[in-house]
Amino acid sequence: MVATSVIEPRPGPLERTALELEHHRRAAAFRRARELGSRRRLRESDLLLEHVEECRLRNLVPLPTSLWVRIARFVGSVDPALRDELGIHRHPDHAGDILFAAQEELLRLHLEAVQPRLAPIIPLFGARQAASA
């Protein structure tokens, strides 16, 4: 006679499907958390560029202070050198060029983070050979 504690019921097709869906949901949530930051920042830069274009079309020179401050904070968070290049010049063309440069930097950082890298090789006997030489 077989003990009932040894026999475990196998999940049925609906339960297996539910488990697979849960596995895929968790994997997607993990990927989304990693990608969310860079995509959010790119969307923010697109929104700022839209506002700059609207100011350009309305011939608003210089840019409104509130928009310029948002651009300066965003660009400074991406690259302090770009923030220095932005300076106090509030012309829409200049601000748009700086925002494009910030987007380029964000895309470069995103590509570096996504591409697979080889693990660093740690020489096991390199220190001993260097000491004996």
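**Salt bridges in the predicted model**

Modeller: Read along the sequence, the protein chain of this predicted model follows the pattern α-α-α-α-α. It has five helices and zero strands. Of its 133 residues, 20% count as buried. The accessible surface of the protein chain comes to about 10,700 Å², and 60% of that area belongs to carbon and sulfur atoms.

Against this background, the charged pairs may be considered. Side chains of opposite charge can pair when their charged atoms come close. The structure holds seven salt bridges.

Arg108 forms a salt bridge with Glu105, with 2.5 Å between the closest N and O atoms. Glu112 and Arg108 lie four residues apart in helix α4, about one turn of the helix. As for accessibility, Arg108 counts as partly exposed at 37%, and Glu112 counts as partly exposed at 41%.

A further pair is formed by Glu54 and Arg58, whose side chains meet in a salt bridge of 3.1 Å, N to O. Glu54 is partly exposed, with a relative accessible area of 37%, whereas Arg58 counts as exposed at 56%.

Finally, a network of salt bridges links Glu22, Arg25 and Arg26.

Terms used. Residues numbered from 1 in each chain as written. Predicted model: local features only at pLDDT ≥ 70, side-chain atom pairs only at ≥ 80, totals over all residues. Heavy atoms only, no water. Helix = DSSP H or I, 4+ residues; strand = E, 2+ residues; numbered from the N terminus. Buried < 20%, exposed > 50% of the residue type's maximum accessible area, 1.4 Å probe, protein only. Areas by Shrake-Rupley, 256 points an atom, 1.4 Å probe, with all protein chains shown as cover. Salt bridge = Lys/Arg side-chain N within 4 Å of Asp/Glu carboxyl O.
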